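Here is a short briefing to read alongside the chain on your screen.

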Amino acid sequence: AAGSPARPMSAAGSPARVAVGRSCRGLRVSRMSPARCRADASSSGADTVTIVGRGRVGTTIGKMCESLGVRHAFVTRGMASFPPSGPIYVATHASDLDDVLALVPTDRARDLVLLQGGLLRDDFLERRGLAGVATQVALYMSASADGTARDGGGGTCACGPRARDVRELLTRGGNVRCAAVTEDDFRAASVGKLLWTSAFWLLCRSIAAERGMPRPMTVGEVVDSEHGAVAVRTLARELLDCAEASGELRRAADDDEKNDATREAITRAMFEYSRSIPSSVPSLEMALKEGGFRNGWFLARRTASSPQRTHETHLRRIGVDPDVLATAHLELTRSSTPGE
């Protein structure tokens with residue numbers, strides 16, 4: 001989901017140095033009452049859509065269920081038991097995900113729908129036994145506090161056992177275009193979402209600080225200014241190089257033209273998404289809380305031949321230490337299973 005409208009920054013145009021921590025809030029067990037909705041005639045009478053988290057995205061998923069008459073139940077801060085069947089939409093911050101997974105019965109893994117999209121990379125999923133098991137969604141939509149959804153350029157896609165359920169709910173319930181795609185197509189889409197979530201909270205503030213602005217720029221101001229557009233492409237090129245080198249973005253053998261086209265499509269989608277939510281400013285607080293999943297993933301893969309100097313320069317300009325973000329990512333890899 002996109003951020004909030006622009007808010008003032010410090011007089012210097014950049015925030016004070018901010019410490020980054022994992023900040024995982026433990027989910028306390030407390031029973032919640034299911035929402036009272038009539039069951040959708042097209043679904044099994046026993047199925048219930050479970051929604052973990054009641055922030056903007058969770059509220060929006062619930063409103064989509066209501067619009068279709070689908071039985072659903074919210075889970076906040078944990079639940080003693082889950083409904084016996086149906087998809088489980090996890091609409092929490094990525095940094096809270098392990099606490100959620102610890103509560104989900106192991107035999108329900110194929111019902112999981114992870115809405116964190118590009119933030120969950122192969123190594124994270126494999127360590128938790130979820131690679132190729134849980135459904136992932138790369139969300140390109142904005143969600144309002146009242147549960148109103150706005151399509152973010154048509155790039156939303158899902159991959160996994162519940163992908164068709166996701167497509168049906170988002171398309172029919174929220175007018176958010178969504179495709180059920182193959183693993184290879186999702187990989188490219190999720191890398192693109194990871195790039196967007198890592199780049200734009202940063203560029204909105206770094207370019208503003210460079211210009212001496214008293215507030216962060218909106219994503220629309222960034223992509224529609226000549227300097228901002230160049231900055232987006234420069235940073236995207238550096239981060240895409242890292243994604244390719246790590247194997248997250250797979251190159252077609254002996255087909256440079258196809259590889260270049262894939263990179264350009266990902267970069268172009270970043271611009272299109274930004275222009276669909278032009279007044280948004282991605283949250284600084286959320287970006288730092290999820291720093292290990294976002295920028296930290298790239299920074300932990302710096303090498304002598306690919307030091308990510310552009311990335312580091314933008315971070316240092318707004319008072320964020322790249323090494324702290326890299327360390328936050330490495331801490332995520334030390335726990336192989338939820339609750340460790």
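A salt bridge here is a side-chain nitrogen of Lys or Arg within 4 Å of a carboxyl oxygen of Asp or Glu. By that rule, the count for this chain comes to 25 salt bridges. Please bear in mind that this is a predicted model.

- K289 and D96 meet through their side chains in a salt bridge, with 3.5 Å from N to O. This pair links distant parts of the chain, since K289 is in helix α9 (residues 284-289) while D96 is in the loop between β3 (88-90) and α2 (97-101), 193 residues apart. Both K289 and D96 are buried.
- R187 and D122 also form a salt bridge between their side chains, at 2.9 Å from N to O. R187 belongs to helix α5 (residues 183-211) and D122 to helix α3 (residues 122-127), so this pair ties together parts that are 65 residues apart in sequence.
- Are R187 and D122 buried or partly exposed? R187 is buried, because its relative accessible area is 7%, while D122 counts as partly exposed at 24% relative accessibility.
- R187 and D122 also belong to a network of salt bridges, in which they are linked with R121, E183 and E248.

**A salt bridge within one helix**

- The side chains of E264 and R268 meet in a salt bridge at 4.0 Å, N to O.
- What separates E264 and R268 along helix α8? The two residues are four apart in that helix, so about one helical turn lies between E264 and R268.
- E264 counts as partly exposed because its relative accessibility is 31%. R268 is partly exposed too, with a relative accessible area of 42%.

**A negative surface patch**

- D254, D255, E257 and D260 form a negative surface patch.
- D254 has its place in the loop between α7 (226-246) and α8 (256-276).
- At 84% relative accessibility, D254 counts as exposed, as the cut-off for that class is over 50%.

**Cysteines**

- A disulfide is a covalent bond between the sulfur atoms of two cysteines.
- How many disulfides does the count come to? The count comes to zero disulfides, where a pair of cysteine sulfur atoms would have to be within 2.5 Å.
- C178 counts as buried because its relative accessibility is 11%. C204 counts as buried as well, at 0% relative accessibility.

- V324 and G292 are 32 residues apart along the chain, and their C-alpha atoms are separated by 8.9 Å.
- A326 is also placed in helix α12. Is A326 buried or exposed? A326 counts as buried, because its relative accessibility is 7%.
- From C-alpha to C-alpha, A326 and N295 are 7.6 Å apart in space, and they are 31 residues apart in sequence.

Note on methods. Residues are numbered from 1 along each chain as its sequence is written. This is a predicted model: local features need pLDDT of at least 70, side-chain atom pairs count only at pLDDT 80 or more; totals for chains, interfaces and linings use all residues. Side-chain values use heavy atoms; hydrogens and water are left out. Patches are made of residues with over 30% relative accessible area and no salt bridge: like charges are joined within 9 Å, nonpolar side chains (Val, Leu, Ile, Met, Phe, Trp, Tyr) within 5 Å. Accessible areas come from the Shrake-Rupley method with a 1.4 Å probe; for residues, only the protein chains shown count as cover. Lys and Arg count as positive and Asp and Glu as negative; His and the chain ends are not counted. The place of a charge is taken as NZ of Lys, CZ of Arg, CG of Asp or CD of Glu. Buried means under 20% relative accessible area, exposed over 50%, partly exposed in between (1.4 Å probe, protein chains only).
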